[in-house]
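Hi everyone, thanks for coming. Let's take a few minutes to walk through this one together.

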Amino acid sequence: MPKQTFRLNGRTVTVDVHPDVRVLWVLRDLLGVTGPKYGCGINVCKACTSHVNGRGFNPCAVRVGDLAADDEVTTIEGLAGTVDEDLHPMQQAWLDRDVAQCGYCQPGQIMAAVALVRKVRREQREIEDADLDSIRNICRCGTYVRIREAIEQGARAMA
Amino acid sequence: MSAVHRPLDPEAVAPPGVDRRSFVGYVLGGTTLVAAADLALGAEPAAAVPTVPQPAELYDLNDLLTDAARPTANLIRIELHEDGTASFALPRSENGQGVTTSTAMLIAEELDLPLDKVRVTLADARPELLFNQLTGGSNTTISTYTPVRVAAAVARGALLDAAAVLLGDEVAKLVAKGGIVQGPSGTASYGDLARAAASRTDRTVRVRLKDPSRFRVVGTGQGRVDARDAVTGRKTFATDLQVDGALPTMVCRAPTLNGEPRRLRNEAEVLALPGVTDVAVLPFGVAVRAETFGQCIDAVRAMKVDWRDGPVAGMSDDDVVRELRRAQLPLPALPNTPLSRTVETDVLCYFRSNSAMDTNSAIADVREDRAEIWSALKSPIAAQQRIAEVLGLPQDRVDVHVVQGGGSFGRRLFFDGALEAAQVSRAMGKPVKLMWHRADDARVGRGHPMCTSRVRAVVVGKKVVAFQQSHTSIETDYRHGLGELITATAASLPTGLGNLGFAETIFALTQEVPYDFGVVTQTLTETDDRFNTGSMRNIYSPDVRAAGELTVDKIATVVKEDPYEFRRRHLRDERTRAVLEKVAEVGDWGRAMPAGTAQGIAIHKEYKGASACLVELDCRDVQTGRDIRDGVGGPRVTRVTFAVDVGLPVNPRGLEAQMQGGIMDGIALALTSSMHLRDGHFLEASWDNYFYTRQWNVPPEVEVIVMPPTTGVPGGAGEAGVAASFAAVACAYARATGRSPSYFPVNHRDPVEFSVKPYVPPVPPSPVNGLKKIV
């Protein structure tokens, strides 16, 4: 079996797996990293949202063979480590607003929120309602109102 | 007509000499303290009502669910540990509704222990509980409120007794607070006392519950006890569990709904695919087990299967509509004269999906002589019994573990994933982690049946003298019964009579018209058991209430009254009137709105509570003309004011969250969410087809008002937000557009906004372009 190497939450990992397998299943089924959730498998529900090299991506839609050895994948499990804290400011905002209900989509929501804040910062502006409207992560419990509040709080606290 | 009163304080109406806060509990034998109470404790008898009531007023679904528990004399137990924590295995299912948090709060309150020292887990299937392990009807807190507190009070009493011995003080001079007992001679922590308070034998004790005026935890807003696990990715669902040998497993399903496989034509080819270990043909499809779910998806797509058509092959929406129209009972003719006018409503509600984010899934490890199941189950005893029956095992050889679910919305009352996983594991002779693909969960999973709701009201002068509502639905499946097989079997009797009895019972126990409208009747007719249905969040109420409240608006127009004032004047129930007045005040009812926008207002009364919703809806082109990729914009609700009275809010913060979620559901039901049946199968196969409320549909302003305690006992929360929200959006749509809708959601007959995914293979391919779509 071919070996696939990439960086995951600050460490280099090597997995024996066919290069065609999508990253989501490498994380969940082979590495036991279950924060990214399956919700559709076709990149529309965004429950698996994670980061690659600091940008939001959906591992259900990327072949593990398409990752380079130095590509840095960050899942919800590694998010706090990127700021050397127990919790990332966005996670703290989620706690402060008690956003989660069932919690299934929330790792993806938080990772998408952080990616969105980074994106608008690159564009040298702040989060607006239109940005919040553009978030595609679905939450079937309907926590959207608190998600919007938490993103605004988390964005203020993000360096 | 007199209003229906429930006693505000149960103690206030207790006969002289009867202490309504005094209960019997138990200290059970153990090495550390184990306190217990009967789960059937504290069920309130139906209240006496001074007027001729509808059944739901006297004895509602929650009374039925609570009374169903009476025959059992089985115990729930709270254990104290030497680290100072208390633990409790709740015989209910948690799918996001917050019952682990609210239960921990009840224990913390009565035990005088900090909330973070209470650990609430979910109990395995306990067949001895009979009826009493069903999670439904928003009944958890209603039915467990007293027994959980009694067990905690027993524990507190035993700790005080032990402290008196240890400290050499009288119990009366001891104070328990924050997990520490203080006395004149010193202090002892609960952890220190857990072993000393243990009993060698079981003994009965009488305890008195805390006076609600002394509550310090109950009634305060608390964050979810699992919030930190949720935001760090540590919270585990069925598919996150690691069970030895339980490899990913998926099922290839038929191109028509509920079709069956005849044979797999290329088994060798499928078995040779990377990662695949096993293939098995079963009545519901062809199962494949592989190293990863991705390889299962590839294998499902590679399968060449001969299928037998399902029972609705060839049918489309319009065929079902015709069938419903034929099944409708004639409404009695009512006079329509200058003196006596008849107001009519006839709405059609299309099929809707309650597919949760966490699809149907279960882990099963079935051996020759035993089986073990892990799944998110709201009726675990029925699941255990049915799985035992299918596997030919004694019930006590099937262990059923209840796992936290990623949403339910009624879906997990059934155990489709667990039953399939057990059969696949048996067929393959190996443990499996079975997960439904989203396409199957959307197209094949259970949902809310298509229905019509017709209303006729007679208005004489300014008075409504009759209000008739006739609801006709494709069958709602209640074959999970009340959580165990005796009733599940009753619901499965041939000819559907058993299930119809359940349906009519549940309809009669949940529906009521809380207005003073003269002669009120509401009836249910159900037909056709070929679809995969079940209790979707709030069951009949959203559709029944939307049709009812649209009619109320029409009546108000006929009598030339303001819709809010008309409701306020005709409501028979003080609590419902209070929430209505609250939303009108806070939400600025009657403020000037631009053309193409409107307010809508509606009420609902259920789950021993009352709710009201006021929305503002924008139907102008600026909203409806939005071009949204893989989604629909449509009219946008721009502001929501919602008030809820649940009697006694245990956790107002969790209650607010449930109402926000119910509002999102109500918006979806009115405007965007439905399933299209076409040629024997549903079109919608994923979240880019089925348009549940998304961020671009979310109202920019949402305010939820939790009313102060009114009855002193908690009502239901999980479903209470949906009906009034749907009805308010429906009413706003009618007022904004000048057309009262005749079907829901209002976009159902628009051209579908997506390209329909194929049925063969039944699941879409996994994309490869994710690195081109980074944000």
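Residues 232-311 of chain B have their end C-alpha atoms 45 Å apart, and the span is 20% helix and 35% strand (helices are DSSP runs of H or I with at least four residues, strands are E runs of at least two, both numbered from the N terminus). An unreviewed UniProt entry annotates those residues as "domain: Aldehyde oxidase/xanthine dehydrogenase a/b hammerhead"; such annotations may be inferred rather than shown by experiment.

Quick housekeeping: this is a predicted model, where local features need pLDDT of at least 70 and side-chain atom pairs count only at pLDDT 80 or more, while totals for chains, interfaces and linings use all residues. Residues are numbered from 1 along each chain as its sequence is written, and chains are lettered from A and ligands numbered from 1 in the order written.

Now, how do the two chains meet? Their contact takes 62 residues from chain B and 59 from chain A, counting residues whose C-beta atoms, placed from the backbone, lie within 7 Å. On the chain B side, helix 6 (227-232), helix 8 (293-302) and helix 19 (652-671) each give two or more residues. Helix 19 of chain B has the largest share, with six residues.

Over in chain A, helix 4 (residues 106-122) has 17 residues and reaches 24 Å from first C-alpha to last, close to the 24 Å expected (1.5 Å times one less than its number of residues). After helix 4 of chain A comes A:Q124, with a positive phi near 55°.

Key:
Two residues are in contact if their C-beta atoms, placed from the backbone, lie within 7 Å.
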